[in-house]
Amino acid sequence: MSRSEDASRAFLIAFHSGRDASVATAATIVKRLAETEITPVVLDVDRPALLAHSPELHVIQAYDGGDVDLIITLGGDGTILRASELQRETRAPLLGINMGHVGFLAEAEVAELERVVERAVAGDYTVEERLVLDVSVEIGGEERFRTWAVNEAAIEKVDSGRMVEVVLAIDARPISSFGADAVIMATPTGSTAYSFSAGGPIVWPEADVMLMVPLGAHALFTRALVAGPDSRMTVKIAERSVDGATLWCDSRRSYDLPQGASVHATRHAQPLRLARLSQAPFADRLVAKFHLPVEGWRGGS
């Protein structure tokens, strides 16, 4: 799908093909875009579900790895994390339309669909960049695995009956050692996801920091750590650990960690790019998504 400079723009529609509402909404968007100068495309794996719902869309193109200008996602945060893999290939910003439960990364709700599509077609949005983790696994002094994470890199125990013994370090300096169910290295974006469930702090997206949050740690010092954007966070599987562990990045990419393995996380050179329709403060999004009580607020200082 490489296009010349004067070719029409293309939008990739990423949706949950196993959910009827998501498929129906995708069909609505495709039909709307077909009335404009935008070329709608979908993933090859999602195309059959779309055609089963709307056979008249048989001319819809399957994404072939070429250029797209915007990725519109339909679903919850899981759909956005899936689409972030495409975003890294295309560099096109993601515009999330929430059809899930919380949808913290989504920019709009499905009830706003018509307005969202109109603004997307008009290019009426800004692009926000979010910090992404560059994650690597080192075993015996050699790098064995490398990936990335939008939300978090979680080092989790293998056996439900045993904790994993870990050593935490920041910038090659040891911080603490203990047994835990997991250790989560998160971005500000991921601070409202797995890290939040583990008791970590909520971090504003514009904060250029990284988090290290123990989960179920058997120790006195188990506080979450907040490191600078140029730091290097390390979780080492201690040699005394009875079992190894498993690394999960965004609950999508995994790697088995033997005793002695070290997981390093730094800021990735390529950020996540999100299309934004609103300049509303993060505090407003936080209150809306978590239904926080704010009665009694009078404004002012």
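Just after helix α4, G123 takes a positive phi of about 70 degrees, where helices (H or I, at least four residues) and strands (E, at least two) are DSSP runs, numbered from the N terminus. The model is predicted, so that local features need pLDDT of at least 70 and side-chain atom pairs count only at pLDDT 80 or more, while totals for chains, interfaces and linings use all residues. Residues are numbered from 1 along each chain as its sequence is written, and side-chain values use heavy atoms, with hydrogens and water left out.

- The buried residues of α4 are L113, V116, V117, R119, A120 and V121, buried meaning under 20% relative accessible area, exposed over 50%, and partly exposed in between, with a 1.4 Å probe and protein chains only.
- Among the elements that cover these buried residues of α4 are β1 (10-15), α1, β4 (70-75), β5 (94-98) and β6 (108-109).
- Helix α1 (residues 20-34) packs against helix α4 (residues 113-122) at an angle of about 40 degrees, with their axes 11 Å apart; axes are lines fitted to C-alpha atoms, for helices over the stretch in contact, and angles run from 0 to 180 degrees between N-to-C directions.
- The two helices α1 and α4 are therefore oblique to each other, given that angles under 35 degrees count as roughly parallel, over 145 as roughly antiparallel, 65 to 115 as roughly perpendicular and the rest as oblique.
- The crossing of α1 and α4 is right-handed, a crossing being left-handed if the near helix is turned anticlockwise from the far one by less than a right angle, and right-handed if clockwise.
- On the α1 side, T25, T28, I29, R32 and L33 meet L113, V117, E118 and V121 in α4, where contact means heavy atoms within 4.5 Å.
- The residues of this contact of α1 with α4 divide into 5 nonpolar, 2 polar and 2 charged; Ala, Val, Leu, Ile, Met, Phe, Trp, Tyr, Cys and Pro count as nonpolar, Asp, Glu, Lys and Arg as charged, and the others, Gly among them, as polar.

**The open sheet that runs from β9 to β12**

- An open sheet is formed by 6 strands in the order β9-β8-β19-β16-β11-β12, with antiparallel pairing, and two strands pair if DSSP finds at least two bridges between them.
- Strands β9 (142-149) and β12 (173-180) stand at the edges, each with a single partner strand, so one side of each is left without a neighbour in the sheet.
- Neighbouring strands of this sheet are turned by 20 degrees against each other on average, direction ignored.
- Strand β8 (residues 133-139) is joined to strand β19 (residues 262-267) by 6 bridges, and the two run antiparallel, with V135 standing opposite A265 in β19.
- Strand β16 (residues 233-237) pairs with β19 in the antiparallel sense over 4 bridges, and K236 has S262 in β19 as its bridge partner.
- Strand β11 (residues 164-170) and β12 pair in the antiparallel sense over 7 bridges, and R173 in β12 is the bridge partner of I170.

**The open sheet that runs from β15 to β18**

- Another open sheet of 6 strands has the order β15-β14-β13-β10-β17-β18, and its pairing is antiparallel.
- Its edge strands are β15 (225-227) and β18 (253-257), each of which pairs on one side only.
- From one strand to the next, the twist of this sheet averages 15 degrees.
- Strand β10 (residues 152-157) is joined by 5 bridges to strand β13 (residues 182-186), which runs antiparallel to β10, and E152 stands opposite A186 in β13.
- A further 5 bridges join β10 to strand β17 (residues 245-249), again in the antiparallel sense; A154 stands opposite W248 in β17, and the bridge partner of E156 is T246 in β17.

**Positive phi in residues other than glycine**

- D250, found in the loop between β17 and β18, has a phi near 55 degrees, a positive value in a residue other than glycine.
- This residue, D250, is buried, with a relative accessible area of 4%.
- H291, placed in the segment after α6 (282-290), has a positive phi of about 50 degrees although it is not a glycine.
- The residue H291 is exposed, with a relative accessible area of 67%.
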